[in-house]
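Please keep the sequence and the structure at hand while reading.

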Amino acid sequence: MAEILRMPEVAANTTEAILESWNVGLNTPYAAGDTIVTVETEKAAVDVEAESDGVLLRLLVEAGTTVAVGTPIAVWGAPDESASEADALVASLGMGEAPVTASTALASAPEEPSAPAGTVAPEPTEAARDNSERIFASPLARRLARELGVDLNAVVGSGPHGRIRRSDVEAAVARSAEPEETLPAKAGAEVQSIGTSAVDPRWVDVPNTRMRAAIARRLTESKQNTPHFYLRARARVDALLELRQQINAGQGVKVSINDLLVKAIASAHVGVPAMNVQWNDTSIRHFSDVDIAVAVATDGGLVTPVIRGVDSLSMSRVATATKDLIARAKERRLRQDELEGGTITITNLGMYGTEDFAAIINPPQAAILAVGAVRQESVVEEGAVTIASVLRLTLAVDHRSVDGATAAEWMKAFVDVLEHPLRILL
């Protein structure tokens, strides 16, 4: 019997998401566990898997469309299901005939390679240009156009049958940034402006992406509603740097300073379990495992994937897990569950030469640790001045869930681990 597939709630409190691409073709059988559709949230692309064997009988939503949670997006049924049953189900929803056209199938297909040299892509038909829903464009091109504010009606596609590709959108943006007199004259054509000012040409507006808007909203809420307090410390890390050098001298996984810091955080959390908490409106939730989020800078903005059970992982497994999360974060291929949870985040700007800074807590986590660059500084040791490698640290803490004395005890334990780094390996 035909059934409706609805837009799932792929993240907590999500009201809508973008249907990025259909991964199963119309009338093509699939098996339980196969990815049917990829949905894009504010920070991740989520693959929605089939719960049982079946076939897509009707597609009700085109790829690239923003859809409210719970909205019907397709009709599926058994492989031997008849099209008439799907039509009857669609009609019963009051949707009329499902908007499945040739353009829908093209828009949900993966990006094609460039046309061979020497070939000319045919111009799209006027009918396709007159109706934006019939524009032939890949999901990636649609998303990029949406983020940059490009009108696809003004873009000429270079793909098969005039299909718009990512490179076509990028070319349209590049053309819009050129001085007007250098643009090729074309009878009846209008120059597409991407946020440029007609009054002052010295600035340009780049529309906010969904990720940037989400970051702005969450951090504003955190700073307004979370009572931050800050602890600052310096750690002498000569022994830590020496340990890293010894570890990386082997043939195993290469370990970064940040990997060692993640393990040191886990060690401090084990020693001071009152820091391994999250704030809820009616309780403080204490955890037995130590889950740590790592801030990753991507082209679209900051994401914080979580490494689970760091306290029970070996140093090499922490390094492997971190590298994997960072690589997939930059490709926007993280799962939604990998962005949720954790009790503390580590954010490191030391590679940019930043000596110290303060960060904003990611609720409901209890804290965020900001790490600066390692510097050679003068330190006093047994009454004598010597030169040492020093790391500056700033811990921002949620005062609702953690008291100042507890945070100070944690910072002391953390610095002690950094200065006696063999404890990290225990």
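A polar contact is a pair of N or O atoms within 3.5 Å; within protein, one of the two must be able to donate a hydrogen and the other to accept it. The model described here is predicted. The points below cover a sheet of four strands, a sheet of six strands, and the residues Ser312 and Asn276.

**The four-stranded sheet**

- This sheet is open, its strands pair in the antiparallel sense, and their order is β5-β4-β2-β7.
- At the edges are β5 (45–49) and β7 (65–68), each of which pairs on one side only.
- From one strand to the next, the twist averages 40°.
- Four bridges join β7 to strand β2 (residues 16–22), and this pairing is antiparallel.
- Glu16 has Ala68 of β7 standing opposite.

- Strand β18 (residues 384–398) pairs with β9 in the antiparallel sense, over nine bridges.
- His228 has Asp398 in β18 as its bridge partner.

**Ser312**

- Ser312 sits in the loop between β15 and α9 (315–330).
- Is Ser312 buried or exposed? Its relative accessible area is 61%, and the cut-off for exposed is over 50%, so Ser312 counts as exposed.
- A polar atom of the Ser312 side chain lies 3.0 Å from the backbone oxygen of Gly309.
- Lys263 is 49 residues away from Ser312 along the chain, and the C-alpha atoms of the two are separated by 9.6 Å.

**Asn276**

- Asn276 is found in the loop between α8 (257–271) and β10 (277–279).
- The relative accessibility of Asn276 is 2%; buried means under 20%, so this residue counts as buried.
- Which side chain makes a polar contact with the side chain of Asn276? It is that of Thr343, at 2.8 Å.
- A polar atom of the Asn276 side chain also lies 2.9 Å from the backbone oxygen of Phe287.
- With neighbours within four places in sequence left aside, the residues in contact with Asn276 are His269, Arg285, His286, Phe287, Ser288, Asp289, Val290 and Thr343.

Technical notes. Residues are numbered from 1 along each chain as its sequence is written. This is a predicted model: local features need pLDDT of at least 70, side-chain atom pairs count only at pLDDT 80 or more; totals for chains, interfaces and linings use all residues. Side-chain values use heavy atoms; hydrogens and water are left out. Two strands pair if DSSP finds at least two bridges between them. Helices (H or I, at least four residues) and strands (E, at least two) are DSSP runs, numbered from the N terminus. Axes are lines fitted to C-alpha atoms, for helices over the stretch in contact, and angles run from 0 to 180 degrees between N-to-C directions. Buried means under 20% relative accessible area, exposed over 50%, partly exposed in between (1.4 Å probe, protein chains only). Contact means heavy atoms within 4.5 Å.
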